[in-house]
Amino acid sequence: NKGWSGQKPLKPWHRRHASTGFVIASSISALLLPTEQACIACLSLAVLQISDEIALLLQPSQSTNPRWITSLEKWNFSSPLFSSVGAYAAISVLSILPLNVVVFSPIPQSAICMQVLAPAVLAVTLMHIFHHSFTPGEAWLCCEGLLLAGSVAFPSCFNASLLTLNTLSISPTQQVVAICVIGAVIVSVCGALCLHLFCHFNPYARFGAGTMGLAIPSFAIILPAISDTLQESVFYWLALFIESNLYPFIFASMGTIFGIAVIALAPMSSTLYLRKAYHLLAIIVIVPLMIYAWEFVFISLAFAFVLFVIGELLRMTNFIPPLRHCIVNLTERFRDEQDGGRLLVTPTYLLVGISVPIWLSSDARQLSAFAGLVSIGVGDAAAAIVGRSIGKYRLPGTRKTVEGLTASIIAQLLFIIVLHAFFRGITNPGIMRILVAVICNACVEAFSDQVDNLVVPLIAFSLLR
């Protein structure tokens, strides 16, 4: 049971409940989107889950190899990948007519093709490429986020996101962030394809192919797009950006390096405490930057996302063996039970869960911008540490404890109180809304088997915005 990069055999995979992810993703869509688009999102999610079940039924046997190898190498049109995509397209077309009756205005053809088909077709493909790494709901949320980034980065080309751009005031900074996010994925996909095509060649040819796969889209598409958005050279802009934010840059760099060194050298007996220590490190580094250097943290998180995605590509492939060995030694300790596939998703989800509320907010005066830090940086860490240390009473149907759930709620409320005390310019959405947001995201984290680093911040942001 070794993968294409020779990792150690994984632990037996526990299939997480697809229906839970469907309910959570539908709830997030209902909270974030207008009525008509929420209906489209729920239709997309429902048909995605039906397609996934059809694909499982059509699959002849369970294989230890990722399904995408059979689907892409043999190009077998009876494979689960093509069967599920075809089933999705057929059911979607049949569902458009009743949906037009439900909503008040007809759905344009562009919405049928892009806003309905695109997220789920991409999600089906993602689930089959990275088998056991995503539930349908998680894959759909990731693909919808990438489509939103593509719509912001290249608004004149397409608008496939359900979160319409007329609800967002797009600034050049947000466009640069979106280009970085979508560009990291494009570059990684091109690099992975080149490495896969040259997998049977000698190491030098494989290295050259991987380098070209990373360099060509970077210098031909991504960097020119950023320069065009900024109306100046991206390298000149980056030098001015660091010069104008020198002290935040030094603080972030020293804080991150020192924090990682301390945590890495600390004699921690449990990987749980190690993971939660990084949650607390994120709070210590990011919160002051959000208050005093908003634009710096806004853009720096996009650069961090690029590093995470490229680092995961290097970890999963044998592109640069010495560097891959270092990355594996550093990241394998953070593998969670929810990381059932080859893709190590929870560290990247932690960064995404903290970043998305910031990217969707205009400034640090909005409490919703802190949704990721409040929910997973404070609440999740408190629940895990207290539940592991003194937890005795189990919540029904889970391994979580009442003590951990209570600690999560109290810690989040205390953090919000301290935040209001030291940063009086922050908006107050109301006591009841704060209580509902805190209790809801704590309960979702406790009772759901989805990756909490992804879904919990989105729920908190939806309720606090």
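Visitor: Is C180 buried or exposed, and how do you know?
Guide: This is a predicted model, and in it C180 has a relative accessible area of 6%. Buried means under 20%, so C180 counts as buried.

Visitor: What makes C190 partly exposed?
Guide: Its relative accessible area is 26%.

Visitor: On to the rings. Why is the pair F198 and F201 called tilted?
Guide: Their ring centres are 4.9 Å apart, and their planes stand at 45°. Stacked needs planes under 30 degrees apart and edge-to-face needs over 60, so 45° makes this pair tilted. As for F198, a relative accessible area of 31% makes it partly exposed.

Visitor: And what makes F241 and F296 a stacked pair?
Guide: Here the centres are 5.8 Å apart, which is within the 6.5 Å limit for a pair. The planes meet at 15°, under the 30 degrees cut-off, so the pair is stacked. F241 sits in helix α9 and F296 in helix α12, so the pair ties together parts 55 residues apart in sequence. Both F241 and F296 are buried, and together with W237 they form one aromatic cluster.

Visitor: Which residue has a positive phi although it is not a glycine?
Guide: That's Q231, with a phi of about 60°. Most residues other than glycine have a negative phi. Q231 lies in the loop between α8 and α9.

Visitor: Why does Q231 count as exposed?
Guide: Its relative accessibility is 67%. Exposed means over 50%, so Q231 qualifies.

Visitor: How do helices α15 and α16 pack?
Guide: Their axes are 7 Å apart, at an angle of about 145°, and α15 passes α16 in a right-handed crossing. Among the residues that meet are V374, V378 and A382 from α15, with A407, A411 and F415 from α16. Sorted by class, this contact has 10 nonpolar, 6 polar and 2 charged residues.

Terms used. Residues numbered from 1 in each chain as written. Predicted model: local features only at pLDDT ≥ 70, side-chain atom pairs only at ≥ 80, totals over all residues. Heavy atoms only, no water. Axes fitted to C-alpha atoms, helices over the stretch in contact; angles between N-to-C directions. Helix = DSSP H or I, 4+ residues; strand = E, 2+ residues; numbered from the N terminus. Left-handed = near helix turned anticlockwise from the far one by under 90°. Contact = heavy atoms within 4.5 Å. Nonpolar A, V, L, I, M, F, W, Y, C, P; charged D, E, K, R; others polar. Phe/Tyr/Trp six-rings, centres within 6.5 Å; stacked < 30°, edge-to-face > 60°. Buried < 20%, exposed > 50% of the residue type's maximum accessible area, 1.4 Å probe, protein only.
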